[in-house]
Amino acid sequence: MYRLAVLLLPIIFWSCDPAPDDDATTTGESFDRGAMLAHWADDIVTPAFEDFRTAYADLSTAAGTYAAAPTGEALTELRASFTLAYREWQHFAPFAGVIGDEYRLVERLNTYPTNTDRLRTEPEANLQLPSNDDVQGFPALDYLLYGTDDPAEFSARISEIVDAVDLEAPYMAWRDGGRDRYVSNSGNSATASVDRTVNDLILYYEKQLRAGKVGIPAGVFSNGPMPTLAEAPYHAELARTLFLDGLAAIDEFFSSDPGLATYLDALSVEREGQRLSERIEAGFDLARARAEGLDADFATQVTTDNTALLQLYDALQANVILLKVDMLQALGINVDYVDADGD
Amino acid sequence: MTRISLFLLFLATFLTACQDDDDPITLIDVPTSYTFARNGASTVSFDGQTTRIGMAEELVAALSDPNNSEETLMNMFRNAGPNGEDVNPFADADLNASDKSIRSKVAASTDYFSANATQSAAVRADFEGWISSQANEVFPRWNELAAPGEAGQVATGSRVRYVNGQGLEYNQIFAKSLLGGLMLDQALNNYLSPAVLDAGTNRADNETGTTETGQTYTSMEHKWDEAYGYLFGQSADPANPLATLGEDGQFLNEYIATVDNDPDFAGTAQTIFDAFLRGRAAIVAGDYAERDRQAAVIREHLSRVIAVRGTYYLARGADATETETARGGGFHALSEAYGFIYSLQFTRNPATGAPYFNREEVRQLLATLTESSANGLWDVTPASIRSVAQQISDRFGFSFDAAAN
């Protein structure tokens with residue numbers, strides 16, 4: 001009887017436990033998160049920021065030249081600078097949150113569709129106001145440079161829009177202390193750099209790349225294709241390039257060593273007999289292959305063959321699951337963002 | 001053989017010891033959905049609650065339109081003019097035609113306010129103050145940037161928020177305070193109260209099945225359903241409201257869902273719904289002790305929803321305040337938190353019959369957020385914010401981390 005009672009003890013405790021503890025997660029003690037953060041900061045974020053800053057300075061110069069004398073030559077130069085800066089932006093945008101959400105670079109530089117009515121009727125709109133995100137940034141420039149009969153009519157406003165966004169303050173803040181704080185914050189709490197960077201990146205991938213560039217124009221969230229909601233619809237040959245730039249930025253970040261792929265491999269994370277890192281990289285490759293077959297203009301693509309864009313969306317979505325669920329679980333990172341609660 | 005019998009006896013003893021079945025004898029017929037009928041006709045009705053939720057939704061939306069005058073907003077709150085005259089402030093004609101109003105049921109419960117008109121008036125003055133300040137402080141600066149001491153716009157990500165000089169959004173304060181001041185107070189402290197359920201001849205009428213004039217329900221049944229209506233009055237299928245929980249209205253329904261979706265509080269929605277169902281069935285069966293036990297369950301868990309959500313928003317606001325070099329990103333969460341904290345004075349602790357935090361305690365919590373410096377949220381520290389959250393979670397007996405994530 002005595003022995004039986006001992007035997008029963010585990011059963012008793014087991015049967016009374018309301019919620020078995022199942023959140024034991026490997027945190028990868030042996031992996032050097034600090035070295036990874038230094039690599040991210042110095043080899044990815046800083047160069048991406050500097051390249052974008054240079055391209056944006058060129059855009060500002062070209063816009064100033066055009067405003068002073070709106071010649072055809074100056075317009076050609078300005079459009080080329082615009083295209084280059086917009087592309088460099090795609091490489092930096094996923095890391096804008098690392099520099100600081102408070103600068104609102106993603107919102108101010110790339111809110112689309114732009115409000116063409118207000119661009120025409122409110123030429124004095126205060127570009128510092130959050131309520132005016134949709135009359136500034138690259139989408140507004142796209143319309144003014146490619147969607148109007150005569151861009152010269154808007155030459156002064158074009159220059160104002162470019163110069164309204166100040167990159168110097170965030171750049172100086174990053175250079176003078178921001179980078180060091182970022183690298184030294186190497187713990188694994190919700191406010192630690194790794195957790196926040198990974199959250200920013202997945203949020204960008206999910207909201208900007210998957211939904212904004214592809215899902216929304218493809219009509220995934222509406223009753224049909226929405227060509228007017230595509231990125232850069234007035235340029236009409238740029239959307240695919242911008243998408244591929246954005247995808248490359250995320251892919252390179254993921255695969256860069258030491259980075260998320262090496263971190264996952266260090267923890268020996270596998271799914272269905274294959275390394276999770278390889279599955280995610282294969283997902284990026286599939287998305288790239290599907291995008292490369294598309295029209296240069298996604299607004300055109302959705303009207304000619306939307307199925308191809310939907311297939312691109314599906315490839316992107318498959319990786320959302322692997323990144324947001326499988327990877328975060330393996331790394332012990334909580335999702336720190338939720339869908340907007342509608343109010 | 002003996003050993004095995006003993007073993008089984010042992011097992012049975014310990015397994016049953018874990019079950020919550022101290023009501024072995026019951027004749028209550030509990031249906032699986034919130035469906036009750038008398039002579040084939042449904043006895044469930046909560047039109048008045050659906051109407052008030054509809055009014056509250058229109059008013060909250062109107063607080064974000066700077067073209068509205070203070071008078072229009074006040075008319076929506078009262079569903080009457082300043083001298084009680086008839087007005088038509090709502091877009092929905094049915095709401096205009098109604099003789100009900102939001103204001104008349106704010107801080108109006110039998111248990112808390114029938115003998116405390118002073119405090120009821122103070123609460124209503126708070127709500128009217130927020131409306132007035134929105135119109136007079138925030139609307140005039142709708143197209144200006146906010147700054148310490150200056151109302152205007154701040155951004156939360158891609159969303160524009162409109163705050164007062166302290167960084168507070170009056171529309172959020174108003175909406176989240178209605179959760180307590182209107183919905184919680186009416187449901188927990190009025191309709192689930194024995195003082196209301198058993199008022200007059202309600203018990204005798206319920207025993208004999210004497211229905212209200214022209215209605216299918218007894219008065220007691222109806223009171224209970226009116227509490228239910230503040231949670232599920234806009235549900236796609238009010239008999240099975242959990243199927244679409246969170247999609248049916250922006251008030252209690254939404255926040256029961258968000259708390260229920262937190263794994264640390266999973267089951268909250270089912271617990272609340274089951275208690276409503278069982279309590280209503282107990283009324284039909286005439287088992288008033290059981291009815292009141294279920295009311296206690298609802299009071300405890302619905303009160304906790306407010307506390308958990310308030311703690312959650314405080315944690316979000318503290319994080320934003322800590323990680324951003326410029327203020328503003330946390331103001332929205334903190335404004336929501338402000339309303340949830342305000343609502344705590346209408347919660348109901350079934351063990352004491354009193355709110356978990358009384359009005360004075362609520363005032364002190366809010367003062368920590370907004371009065372520790374001249375410019376309120378522009379200067380408040382993450383530590384101060386977290387101290388408020390900690391006080392709330394401690395009082396309710398859940399962990400700060402459980403609610404914060």
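Analyst: Let's start with helix α9 of chain A, residues 168–184: its 17 residues reach 23 Å from the first C-alpha to the last, close to the 24 Å expected at 1.5 Å a residue. That expected span is 1.5 Å times one less than the number of residues, and helices here are DSSP runs of H or I with at least four residues, strands runs of E with at least two, numbered from the N terminus. Keep in mind that this is a predicted model, where local features need pLDDT of at least 70 and side-chain atom pairs count only at pLDDT 80 or more, while totals for chains, interfaces and linings use all residues. Residues are numbered from 1 along each chain as its sequence is written, with chains lettered from A and ligands numbered from 1 in the order in which they are written.

Back to α9(A): there's a kink of about 55° centred on A:Gly177 (the bend is the angle between axes fitted to the seven residues ending at a residue and the seven starting there). Its buried residues are A:Pro170, A:Trp174, A:Arg179 and A:Tyr182. Buried means 20 or more other C-beta atoms within 10 Å of a residue's own, exposed means 12 or fewer, and partly exposed is in between, with C-beta atoms placed from the backbone. The buried residues of α9(A) pack against α2 (33–68), α4 (96–99) and α10 (193–215) of chain A, where a contact means C-beta atoms, placed from the backbone, within 7 Å.

Now for the backbone. Most residues other than glycine have a negative phi, and most peptide bonds are trans. Chain A has a cis bond between A:Tyr112 and A:Pro113, with omega about 5°; A:Pro113 sits in the loop between α5 (105–109) and α6 (116–121). The bond from A:Asp257 to A:Pro258 is also cis, with omega near 0°, and A:Pro258 belongs to the loop between α11 (239–255) and α12 (260–266).

As for phi, A:Glu272 isn't a glycine, yet its phi is positive at about 50°. You'll find A:Glu272 in the loop between β1 (270–271) and β2 (274–275) of chain A, and it counts as exposed because it has 6 C-beta neighbours inside 10 Å. Over in chain B, B:Asn79 has a positive phi too, near 50°, in the loop between α3 (70–78) and α4 (93–97). B:Asn79 is buried, though, since 25 other C-beta atoms lie within 10 Å.

Key: Contact = placed C-beta atoms within 7 Å.
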